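This report describes one protein model for a reader who is new to protein structure. Please look over the sequence and the model before reading on.

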Amino acid sequence: MSAYFTLAELATHQEEVKASVFIAYADRADTPELALRFLNGVLQRHPDASHLCWAYKIGQQYRFSDGGEPGGTAGQPILRAIDGMGLDHVVVGVIRYFGGTKLGAGGLMRAYGGVAAEALRSAPKREESPRETLTVEVFFEHLGVLYRLLDSHGAEERAEEYHERGVKLRFTLAQAEIERFQTGLRDATKGRSASVSSP
């Protein structure tokens with residue numbers, strides 16, 4: 001998997017179209033479960049809304065829902081907005097408060113797609129590199145050095161196992177950081193750490 005752009009934080013955008021109010025909420029989601037949890041949170045904020053339409057894209061996985069609107073008028077335009085911005089690991093939910101005037105299929109598609117696109121356009125973005133799970137063993141005397149390197153290279157999902165003479169750590173690291181991390185660890189420990197490897 002190559003690098004991709006996602007959202008750095010929650011973004012919202014609101015528009016009124018012929019007395020109907022559309023409110024888009026967009027955020028990062030790394031799993032379908034997190035995407036659905038986010039959408040449930042949006043719904044809880046607007047329990048009296050007429051509709052909640054949504055889409056998410058996470059790698060090769062994507063889903064969308066018209067949320068009670070006519071088929072093809074809401075979920076797909078929201079998904080196209082995500083694709084059109086070149087984003088991944090993103091979920092967008094759009095709330096609609098019906099204002100009494102029917103918009104027609106074309107009007108709904110423009111409204112849902114447009115408010116989603118505007119929320120995504122204004123959102124802060126960040127580039128993500130694919131991550132790899134690694135393990136490394138060090139003597140206790142090198143633990144401080146290892147922790148500093150893990151922090152400076154953005155290691156995540158750390159798990160530790162303590163042994164008689166040292167520690168075995170399992171963590172994830174962006175692929176782009178692996179070579180620099182290995183060099184830094186080798187230099188800092190004068191080659192006395194066990195080799196970094198994938199489990």
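## Basis of the report

The model is predicted, so local features are described only where pLDDT is at least 70 and side-chain atom pairs only at pLDDT 80 or more, while totals for chains, interfaces and linings use all residues. Residues are numbered from 1 along each chain as its sequence is written, and side-chain values use heavy atoms, with hydrogens and water left out.

## Overall form

The protein has five helices and ten strands. Helices (H or I, at least four residues) and strands (E, at least two) are DSSP runs, numbered from the N terminus. The radius of gyration, taken over C-alpha atoms, is 22 Å. Along the principal axes, the C-alpha atoms fill a box of roughly 70 × 30 × 25 Å.

Of the 199 residues, 44% count as buried; this term means under 20% relative accessible area, against over 50% for exposed and in between for partly exposed (1.4 Å probe, protein chains only). A contact means heavy atoms within 4.5 Å. Among contacts between residues at least 6 apart in sequence, 68% join residues at least 24 apart.

Two strands pair if DSSP finds at least two bridges between them. Axes are lines fitted to C-alpha atoms, for helices over the stretch in contact, and angles run from 0 to 180 degrees between N-to-C directions.

β4 and β6 pair in the antiparallel sense over seven bridges; in β6, V92 is the bridge partner of A55. The buried residues of α2 are G75, P77, I78, L79, A81 and I82, and their cover includes β4, β5, β6 and α3.

## The sheet of three strands

A further open sheet has the order β8-β10-β9, with antiparallel pairing. Here β8 (131-139) and β9 (156-162) are the edge strands, each with a single partner, so one side of each is left without a neighbour in the sheet. β9 and β10 pair in the antiparallel sense over five bridges, and in β10 the bridge partner of E161 is K168.

Helix α4 (residues 143-152) packs on this sheet and touches β8, β9 and β10; its direction makes about 10 degrees with that of β10. Helix α5 (residues 175-188) touches β8 and β10, and its direction makes about 150 degrees with that of β10.

## The nonpolar cores

A nonpolar core is a set of buried Ala, Val, Leu, Ile, Met, Phe, Trp, Tyr and Cys residues joined through side-chain atoms within 4.5 Å. The largest core has 26 residues, of which I78, V92, V94, Y112 and L120 touch the most other members. β3 (20-28), β4 (51-58), α2 (75-84), β6 (90-97) and α3 (104-122) each supply at least two residues, and α3 gives the most, with eight. A second, separate core of 16 residues includes V138, A155, V167 and I178.

## Two buried residues

Is T73 buried or exposed? T73 counts as buried because its relative accessibility is 2%. T73 is placed in the loop between β5 (61-65) and α2. A polar atom of its side chain lies 2.6 Å from the backbone oxygen of P70. Beyond its neighbours within four places in sequence, T73 is in contact with D66, A105, L108, M109 and Y112.

L173 lies in strand β10 (residues 166-174) and is buried, with a relative accessible area of 0%. Apart from neighbours within four places in sequence, its contacts include P130, H153, A155, I178 and F181. The C-alpha atoms of L173 and P47, 126 residues apart along the chain, are separated by 40 Å.

Notes:
A polar contact is a pair of N or O atoms within 3.5 Å; within protein, one must be able to donate a hydrogen and the other to accept it, and residues adjacent in sequence count only if both atoms are side-chain atoms. The radius of gyration is taken over C-alpha atoms; the globule rule is 2.2 Å times the number of residues to the power 0.38.
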